[in-house]
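Subject: Structure handover

Hello,

Here is the structure I promised to pass on. Please open it next to this note; the findings follow below.

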Amino acid sequence: MRFLTLLMCAAIALMAVVSCTPKKEASKSKVLVLYYSQTSNTKAVAQEIATRLDADIEEITLVEPYDTAFQATIDRCKADREKGILPEIKPLKANIADYDWVFIGYPIWFGTYAPPVASLLEKVDLSDKWVVPFCTFGSGGLESSVKDLTEKQPNAKIMTGYGVRAARMDAMPKEVEQFLKLYMPLISNPDPTDIKANTQSDSLFVPADFPEQHPVSADEAAIFDAAVNGYPMLNAKAKTVASRTVLDGTEYLFTAMDMPREKKADMPPASEIQVYVLVEKDKAPVFTKVVR
Ligand SMILES: Cc1cc2nc3c(=O)[nH]c(=O)nc-3n(C[C@H](O)[C@H](O)[C@H](O)COP(=O)(O)O)c2cc1C
């Protein structure tokens, strides 16, 4: 009985608080997802993001699209670079000024965002916008492209980005879901100045930092080899490693020496790289990205 009375008092007190608190409409920021994609990987990420955020979406298109053949695309990029030109893009339908957040997506080409995105960045001003880069790649390039983006648009508020290997597109929807948990509270808050406070979310898994690197053991070297073997662009040997627990398993950060099979005059004979490897329960090791 005493318990019931206490419960009723608590309910009445709560109703009083609720009825006295002015209703604050959660005003949502406007979000645009802009992307370039040649073979639809980046398009799939863009669509996943736009659907989950209920955002506007627009594709960056070229006046003269690239040939779909890989080598022809490379040849045109090289010829454009020699001439010092970028491909001409069609005007955007969206007015960037109308948006608070711009998610910008691209495939990595030659270590950075593909040229159509370079063309876009020449034309638009992202100053004071919250900009979230995302990309797809064969082996990596998020970090280098974000560095270039930051140099090109120094007044944009460039946030942590998302990148996924073309070979891991099946993992993308789940990763995007987790990635967006970083931003959903900020997007619903029209003045996201206190990022730390706003990203507190019970369902957001934030892995611990990697501990210090140590020399690889035979088992760890075998994990590395299993993850990178078969990828033609790498000829790497692991030197040191650190690991941490992530949502679905263990993530390893290896430092390795990469010795390109094909010797080129403009490339060093060997370079140190960082390779992120994911080992999920009952699955073979896969590398998620290479940072050069
Ligand atoms: C011309 C060209 C250059 C590329 N350069 C790189 C590169 O430097 N690094 C990399 O990891 N992947 C590179 N890739 C692979 C693409 O980034 C990858 O296939 C991407 O998922 C393609 O995205 P899309 O399907 O949205 O066009 C390149 C692909 C092309 C066509």
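In what follows, Ala, Val, Leu, Ile, Met, Phe, Trp, Tyr, Cys and Pro count as nonpolar, Asp, Glu, Lys and Arg as charged, and the others, Gly among them, as polar. On that basis, the lining of the largest pocket has 19 nonpolar, 18 polar and nine charged residues.

First, the ground rules. This is a predicted model, where local features need pLDDT of at least 70 and side-chain atom pairs need 80 or more, while totals for chains, interfaces and linings use all residues. Numbering starts from 1 along each chain as its sequence is written, and side-chain values use heavy atoms, without hydrogens and water.

The pocket

A pocket here is an open set of points on a 1 Å grid over the protein atoms alone, where a 1.4 Å probe fits, with protein on both sides within 12 Å along at least five of seven lines; lining residues have an atom within 4 Å of a point. The largest pocket holds about 1,800 Å³ of space. Its lining counts 46 residues, with Trp109, Phe110, Gly111, Ser139 and Met233 nearest the centre. Helix H3 gives the largest share of that lining, seven residues.

The ligand

Where does the ligand sit? It sits in the largest pocket, meaning that more than half of its atoms lie within 2 Å of the grid points. The shell around the ligand has 20 residues; Ser37, Gln38, Thr39, Thr42 and Ile108 come nearest. A residue is near if one of its heavy atoms lies within 4 Å. By class, this shell has eight nonpolar, 12 polar and no charged residues.

For Ser40, the distance to a ligand oxygen is 3.1 Å. For Gly138, the distance to a ligand nitrogen is 3.0 Å. For Gly140, a backbone N or O atom is 3.2 Å from a ligand oxygen.

Best wishes

How values were computed
A polar contact is a pair of N or O atoms within 3.5 Å; within protein, one must be able to donate a hydrogen and the other to accept it, and residues adjacent in sequence count only if both atoms are side-chain atoms. Grid points are joined across faces, edges and corners, and a volume is the space filled by probe spheres set on the points. Helices (H or I, at least four residues) and strands (E, at least two) are DSSP runs, numbered from the N terminus.
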